[in-house]
Protein chains: 2
Amino acid sequence: MAAESATSRKTKAGADRPLRVGIAGLGTVGGGVVKLLTENRDVLLQHCPRAIEVVAVSARDRKKDRGLDLSQLDWCDDALALASHPKVDVVVELIGGSDGPAKALVEAAIANGKHVVTANKALLAHHGTALALAAERASLGLAYEAAVAGGIPVIKAMREGLAANRIEHVYGILNGTCNYILTQMRETGREFADVLAEAQALGYAEADPSFDVDGIDAAHKLSILTSVAFGCAVDFDGIRVSGIRNVSAMDIVYAEELGYRIKLLGLSRLTEHGVEQRVHACMVPQSSVIAKVDGVFNAVVTNGNFVGQNVAIGRGAGAGPTASAVVSDLMDIARDRILPAFSAPAETLRKLPSAPVGRRIGAFYLRLMVVDKPGVVADIAAIMRDEHVSMEAMIQRARQPGGPVPIVLTTHETTEAAIARVVVKLDQVEAILEPAHVMPIEMLA
Amino acid sequence: MAAESATSRKTKAGADRPLRVGIAGLGTVGGGVVKLLTENRDVLLQHCPRAIEVVAVSARDRKKDRGLDLSQLDWCDDALALASHPKVDVVVELIGGSDGPAKALVEAAIANGKHVVTANKALLAHHGTALALAAERASLGLAYEAAVAGGIPVIKAMREGLAANRIEHVYGILNGTCNYILTQMRETGREFADVLAEAQALGYAEADPSFDVDGIDAAHKLSILTSVAFGCAVDFDGIRVSGIRNVSAMDIVYAEELGYRIKLLGLSRLTEHGVEQRVHACMVPQSSVIAKVDGVFNAVVTNGNFVGQNVAIGRGAGAGPTASAVVSDLMDIARDRILPAFSAPAETLRKLPSAPVGRRIGAFYLRLMVVDKPGVVADIAAIMRDEHVSMEAMIQRARQPGGPVPIVLTTHETTEAAIARVVVKLDQVEAILEPAHVMPIEMLA
């Protein structure tokens, strides 16, 4: 072993010329990467004697003032030129989008023998398995620490630090925009639309907020986490996704009163019936770790069969955290530390069946808007009894005879199928004015 | 680059015989490692095609029933025999202790060209730099993920995942026994001695609890974190250490009332005057992440100049979590992923000066036991005014004319030197019956 390591060391030391990087996309993150490589150059060299140097860049507008000195770098008007640039060893893809130029660039880079570092979760969610296969066949790195949970080194943790474990489940707060909105709603009592508008004005939410608030961004990230956790093919289409548009200020107040907090979570679990991947708003106990992660912070909770629960919390977006993750990937490549992208070799990644939705067991919160008149509660209770759904708590605070008032119920554990049947029956009760507002309760530690 | 990686890949693939492990120490952790390697064999092979096999073991009592099948393994009565065992590639040192057999074994293993994986924080705190130097000169791995924060992959996170950052400070709950005792004290209102006795009866604390409750174990771990964070020599002697014996049930009640929680923290910070390393009980805001880490859980908070705050929470001890960390180190070695032990190459590690204690700025909590008579508060206030220490809050709840009552003060930011002078002067006030009970307040996020 000693001799072996020494040899391998020598090989690596032989690679003493700098690792040369081409960056596609010079927005917030691209600028952050250039800035980090400059400002922390001494720190990087302390960890990794091989220098990392940006040699070429590509972005839409060459004239834009980014506060960066790009005079020494090759400028490529077409990002695709980086894929065949003779000086480039690694292409850093920061264009974004699941298809189009980002996909073309990554595919061409791999075809031309260049490593790829990307922050593009949409690309990996849709094409991760195929890209990993191409990279691994060419003995190239496809690294993407920045794509999930920004600055938190969660891919490294799951793929290396916790790699000795059979992962049982993983879940997390994967979208900072949603967590910020939900935190603001709770702290100010305002409604979703109002807080979203403010977040957009402040630049915390996009003009088109759909990717964030409808849970798609979180689902992209969850599909990647699932693959790394369970060594299976990335299966974005296997995720049940809903967002936070339907969370009302009223639900947040009831959640607090019941000892819960509302979070948009991505959850993935290996069950005997297949993989269960879900992204949705849910109630979690106020005492749980995840309940206390507020604002733009992300968190990922991993459960392994030997290590137990591991929690990682940090900033999920922004120039600094994302650049930190991108450069840590570059350092791994500079040290020739290349691993299969999704923990198991890509050629062994299989698509696992999705666990059937209806059989999932969990507790639920239901809010019903009813006409306040005698007999309504009896009707509701009868429906639940008939479907064998057992009630855990009921709140009917505001009395407003004849008017619409909320009745809030929480259930003990039951199946999703049973809740679906309850909801259909409740909808037929005349005194119930709106479809039931339903939210899963996740009894997390 | 592609060709280079392919070559290196081939070299690694060439190492297709198993990585052969010799384990010294078959207590809880050693048994856990053997169990993990057996039960999770399929998971390990998925991540790391090179098998990891235990070939030899050493422990005190060969006849003890450990519930493990050791029949296929070489048994060494003397652990030192593992260091020269012809079949062993890696020695896993789980003996413990800063000197004696553990040190002899690790030194001999390195001298004989064998990699070392250890969970021994005491050994690294006292001899880490020298051992790293020996290992690196021989191109061998010296890996110790299990030595700090048990199952949390915090060494990997700092040395690789966050390696692109200039680390500004790192702190954490590094001793589960202390955190368990403090949590129990808070939840039950009981005194330290009482809870300690119970923890000993339950097996959560050692018969001789000094290493834990006097902060020494936490300091061992902090010295390692400091070295990894700042790329300096391990300097255990540079740590100011105190434990939790002096934390009283009364202080815990006041902390709650003031919006704080008492934790034993290890804190390390790079200042312009040198490295500041401290282990002591302190008050932290109830809203801080670290305040909410209860029971036997550990937590490490790292602040990097680009990534911002990163928090990792998990189990700091026990067979499963520790085995998880030990085996993740073995997987890195099996894949020939060997890095300098303390992030920077050992030959570059320098001892940094310790920051002078008196100049440290922070807020403080003081509890004074006084005779309840007019004029005492005026005396205290005058002393603080004279030393330019500004009061933030004062509580004098229980009135008991003529009897001893507590007066609790918190200060705004001041220097440790000023607080020391205040304490000396308070000690001279006749109506103050005991030396002041002083505790730093750490305004953590």
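1. Let me start at the interface of the two chains. The side chains of A:Glu160 and B:Lys156 meet in a salt bridge, 2.7 Å from N to O; a salt bridge here is a side-chain nitrogen of Lys or Arg within 4 Å of a carboxyl oxygen of Asp or Glu. Across the interface of chain A and chain B, the rule finds six salt bridges. There are also 16 residue pairs in polar contact across this interface, both residues at pLDDT 80 or more. A polar contact is a pair of N or O atoms within 3.5 Å; within protein, one must be able to donate a hydrogen and the other to accept it, and residues adjacent in sequence count only if both atoms are side-chain atoms.

2. A word on how to read these values. This is a predicted model, in which local features need pLDDT of at least 70 and side-chain atom pairs count only at pLDDT 80 or more, while totals for chains, interfaces and linings use all residues. Residues are numbered from 1 along each chain as its sequence is written, chains are lettered from A and ligands numbered from 1 in the order in which they are written, and side-chain values use heavy atoms, with hydrogens and water left out.

3. Helix 12 of chain A gives the largest share, eight residues. By class, this side of chain A has 33 nonpolar, 21 polar and 19 charged residues. For these classes, Ala, Val, Leu, Ile, Met, Phe, Trp, Tyr, Cys and Pro count as nonpolar, Asp, Glu, Lys and Arg as charged, and the others, Gly among them, as polar.

4. Now the overall extent of the interface. The contact (heavy atoms within 4.5 Å) takes 73 residues from chain A and 72 from chain B. About 6000 Å² is buried between the two chains, and carbon and sulfur atoms give 52% of that area. Buried area is the accessible area (1.4 Å probe) that two parts lose on being put together, summed over both.

5. Helix 6 of chain A deserves a look of its own. Eight of its eight residues are buried, A:Lys156, A:Arg159 and A:Glu160 among them. Buried means under 20% relative accessible area, exposed over 50%, and partly exposed in between (1.4 Å probe, protein chains only).

6. A:Glu93 is a residue I would point out to you. A:Glu93 lies in strand 4 (residues 90–93) of chain A. A:Glu93 is buried yet has no salt bridge, and the nearest side chain of opposite charge, A:Lys121, is 9.9 Å away. For charge, Lys and Arg count as positive and Asp and Glu as negative; His and the chain ends are not counted. A polar atom of the A:Glu93 side chain does lie 2.7 Å from the backbone nitrogen of A:Ile95. Not counting residues up to four places away in sequence, A:Glu93 touches several residues, including A:Ala24, A:Leu105, A:Val117 and A:Asn120.

7. Next, salt bridges within a chain. A search of the whole structure finds 58 salt bridges over all chains. One of them joins A:Lys35 and A:Glu39, 3.8 Å from N to O. Both lie in helix 2 of chain A, four residues apart, about one turn of the helix. An α-helix has 3.6 residues a turn, so residues three or four places apart point the same way. A:Lys35 is partly exposed at 41% relative accessibility, and A:Glu39 is partly exposed at 42%.

8. Another pair reaches further along the chain. A:Asp294 and A:Arg186 meet in a salt bridge of 3.0 Å, N to O. A:Asp294 is in the loop between strand 10 (274–285) and strand 11 (297–304) of chain A and A:Arg186 is in helix 7 (residues 176–188), so the pair ties together parts that are 108 residues apart in sequence.

9. Finally, two backbone details. A:Asp336 and B:His388 each have a positive phi of about 60 degrees although neither is a glycine. Are these residues buried or exposed? A:Asp336 is buried, with a relative accessible area of 11%, whereas B:His388 counts as exposed at 71%.

Technical notes:
Helices (H or I, at least four residues) and strands (E, at least two) are DSSP runs, numbered from the N terminus.
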